[in-house]
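Here is a report on one protein model. Look over the sequence and the fold before reading on.

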Amino acid sequence: MDERSDAALMAGIVAGDQSALGVLYDRHGDAVFRLSYRLLGDRGLAEEVLQETILAVWNRAELYDPRIASLPAWLMTIA
């Protein structure tokens, strides 16, 4: 189990660390999927939302500001 904080993971993602993205996915992916599935009612669409959310994090990680929202809240907003 990776003990890095969410802030450390985001710093790693900004620096291009793919393993940090994998840890973020493992840590928060289920919650993003569950929210998406609850809202959409379609497993396939929920999986697409999860994939697009993780891609958005990879492409725009520098926009995350922990002073504004927790990482889970930011992920749910993206989703």
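## Loop aspartates

The side chains of Asp 65 and Arg 67 are joined by a polar contact of 2.9 Å. A polar contact is a pair of N or O atoms within 3.5 Å; within protein, one must be able to donate a hydrogen and the other to accept it, and residues adjacent in sequence count only if both atoms are side-chain atoms. Asp 65 sits in the loop between H3 and H4. Its relative accessible area is 19%, so Asp 65 is buried. Buried means under 20% relative accessible area, exposed over 50%, and partly exposed in between (1.4 Å probe, protein chains only).

Asp 17 is in the loop between H1 and H2. Asp 17 counts as partly exposed, at 27% relative accessibility. Its side chain makes a polar contact of 2.6 Å with the side chain of Ser 19. Not counting residues up to four places away in sequence, Asp 17 touches Arg 4, Gly 12 and Trp 58; contact means heavy atoms within 4.5 Å. From Asp 17 to Gly 29 is 12 residues in sequence and 17 Å in space, C-alpha to C-alpha.

## Model and confidence

This is a predicted model, in which local features need pLDDT of at least 70 and side-chain atom pairs count only at pLDDT 80 or more, while totals for chains, interfaces and linings use all residues. Residues are numbered from 1 along each chain as its sequence is written, and side-chain values use heavy atoms, with hydrogens and water left out.

The protein chain averages a pLDDT of 96, and 100% of the residues score at least 70. pLDDT is the predictor's confidence in each residue, from 0 to 100. Among the elements, H1 has the lowest mean pLDDT (96) and H3 the highest (98). Helices (H or I, at least four residues) and strands (E, at least two) are DSSP runs, numbered from the N terminus.

## Helix H1

H1 covers residues 6-14, and Asp 6, Leu 9, Met 10, Gly 12 and Ile 13 are buried there. They lie on the same side of H1, because they cover an arc of only 160° around the axis. The arc is that of the directions from the helix axis to the C-beta atoms. Helices H2 (18-40), H3 (43-60) and H4 (71-78) are among what covers these buried residues. Just after H1, Gly 16 takes a positive phi of about 90°.

## Helix H3

Asp 42 caps the N-terminal end of H3, with a side-chain oxygen 3.0 Å from the backbone nitrogen of Gly 44. Buried in H3 are Ala 46, Val 49, Leu 50, Thr 53, Ile 54, Ala 56 and Val 57. Seen down the axis, they fall within an arc of 155°, so they line one face of the helix. Their cover includes H1, H2 and H4.

Thr 53 counts as buried, at 2% relative accessibility. Leaving aside neighbours within four places in sequence, Thr 53 is in contact with Val 32, Leu 75, Ile 78 and Ala 79.

## Nonpolar core

The largest nonpolar core has 18 residues; Met 10, Ile 13, Leu 24, Val 57, Leu 71, Trp 74 and Leu 75 touch the most other members. H1, H2, H3 and H4 each give two or more residues to this core. H2 gives the most, with 6 residues. Such a core is a set of buried Ala, Val, Leu, Ile, Met, Phe, Trp, Tyr and Cys residues joined through side-chain atoms within 4.5 Å.

Leaving aside neighbours within four places in sequence, Leu 71 is in contact with Asp 6, Met 10, Leu 24, His 28 and Tyr 64.
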